Amino acid sequence: RRLPPAMLRSQRREIEGKVAKSLLKIGGDYFPVRGSTSYAAKPQGMSEGEQASLDTEGLLITEPDARLLISAGLAADWPDARGVWKDEWNAAWVNYDDHLSVAVTKGGADLEGAFGGLVGILHSVETDLATDGITFMKSDRLGYLTTDPTFVGSGVRATATVLLPCMSSQPKELKALSEERQVTITRAVEENTWRVTCTESMQYSAVEIVNRLGAAVTELVKLENVRKRETVLLKKQKTREEESGQAAGEEHKVPADSDPKPAVAASPATQAAEPKPQAPPVPNIDFSAPESLPDLASHKSAVGKVLAKNSGLYSSLRELKTGLNSSLMQCIREGVEDATLTGSGVTVVDEQCYDVYGALVNQVVEQCTGFPIGSTHPVDLNVAKLPEGTLGLEDSDVRFVQIETRRNF
C-alpha cells in the first residue's frame, strides 16, 4: 500500500472521500484546502473566510516547503484531495504527511477525556473503512506505520499547557524534570505558561505515553505549589521588614543632602522576530541510485550517520525496488545529499519499504528513538488504564491538554 508520497491522484481522492465521509458521521465539517477540486460538496475547496478562521486556530495546512518532503513526493498534485476536518475541539488532517492525523483537545487537565475522544475517533474511522476492506497500516514489530519512521509505533504526541508563574524563574529545575521524566518543556505563547510534551512514539504504548505526561504535569504542579508557598512566606517577611524599617525611619531621618537613586523595575527585552529563511530551490527530482554516495562523515541526519558507519549497506540495497516500484533513493535522497539536514533523513513512501529496506530503516529507527532492533513495540489504546478524570489537578493549573496521532491505510 502506498503512503502519501507515492500515491496516485485517484488514490488520494479515494482516501479523502472515504475518510471525510467517516469523520462527518462523528460531526463537524470538512474543509478541503482552497483550490482543491476533489471534494464534490465544496468543488473549489474552503472559502477565504474558512481559510482565515482555520489559520487563526492553527489548523490550516499549507503546501510542504521542506526539501525532504518535496523530494519524496509529498507536494504532488497540491492541493488536490487534502483537507481539514473540525468538530469543536477535535481536528483531523487528511492526506498531509500521513493519510490521517487526528488531534483532540480538552480544556483543563482532562487527559482521560482527550485520550478517550482520540480513541473513539480512530475506532469510528477504522470500523467504517473496514467495510471496504481498508485497514490501518500496522507492523507486528513496529506498530503503526508512518511516512516519517521516527513516528512509527504509537504515533502519539501528548501535550499539556500548564500555568507556572513561579517555576518560570527556575529554568534549571524545569530542565532537570524534563530529563528525568523524558518530556520536553517549552515556553507557550501566554505569559508564564509552558508546553509539556511527551513524544516518545517507540518503546511506549499510547497509554504509557499519556500516563507519563500526566505524571510529569502532576510533579510540575506540585513544584509550582511549593514555590507559591515560599513566595507567600517571603512576601510576608518582606512586609514585616518594611514595616519595621518605617518605624525606625521616624526616629532616624535621612539627611537632606542624600540623594538615593530610585529603584528601576527590570523589563524583559523584546526579542525581534527573525525573518523566516526562504526554502532553497528544489532541483529536478532524480531517484536513480548512484553507484556510490558522497562522503557522509559530517552528515547530521540519522540515515547519513548509519550509512557512514556501514558503507556496504547502501550497495546491498540501492538497486532494490518495492512491489509498487518505489526506490531507495526516493526514501533517502535528501538525507544523503544535504549534510545539514537533521532528523531521520528518511521519508517512507510505501508500506513495503519497511521490509525491502528494513536493514537500513530499522537502524534509522534505533538511531532516532533508541528502540532496539528485534524488539516488539507495545500497542495499547485501553482508556481504562488511565487514571480517572483530571489526575487530581485543578483546571486553573492546566490550560488545556491535547493528544494527537497519525494513521495510514
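Analyst: Happy to! A residue counts as partly exposed when its relative accessible area lies between the buried limit, under 20%, and the exposed limit, over 50%. R181, with a relative accessible area of 29%, is therefore partly exposed. Please keep in mind that this is a predicted model.

R181 pairs with E219 in a salt bridge, and their closest N and O atoms are 2.7 Å apart. R181 belongs to helix α5 (residues 171-181) and E219 to helix α6 (residues 206-251), so this pair ties together parts 38 residues apart in sequence.

Next comes the pair of E190 and R399, whose side chains meet in a salt bridge at 3.1 Å, N to O. This one links distant parts of the chain, 209 residues apart: E190 sits in the loop between β8 (184-187) and β9 (193-198), while R399 is in strand β10 (residues 398-407). E190 has 41% relative accessibility and counts as partly exposed; R399, at 32%, is also partly exposed.

K385 and D380 form another salt bridge, with 2.8 Å between the closest N and O atoms. Here D380 is buried, as its relative accessible area is 18%.

Some salt bridges share partners, and these join R9, R12, R13, D77 and D80 into one network. For the overall picture, a search of the whole structure finds 20 salt bridges, and the pairs described above, including R181 with E219, are among them.

Definitions and conventions
Residues are numbered from 1 along each chain as its sequence is written. This is a predicted model: local features need pLDDT of at least 70, side-chain atom pairs count only at pLDDT 80 or more; totals for chains, interfaces and linings use all residues. Side-chain values use heavy atoms; hydrogens and water are left out. A salt bridge is a side-chain nitrogen of Lys or Arg within 4 Å of a carboxyl oxygen of Asp or Glu. Helices (H or I, at least four residues) and strands (E, at least two) are DSSP runs, numbered from the N terminus. Buried means under 20% relative accessible area, exposed over 50%, partly exposed in between (1.4 Å probe, protein chains only).
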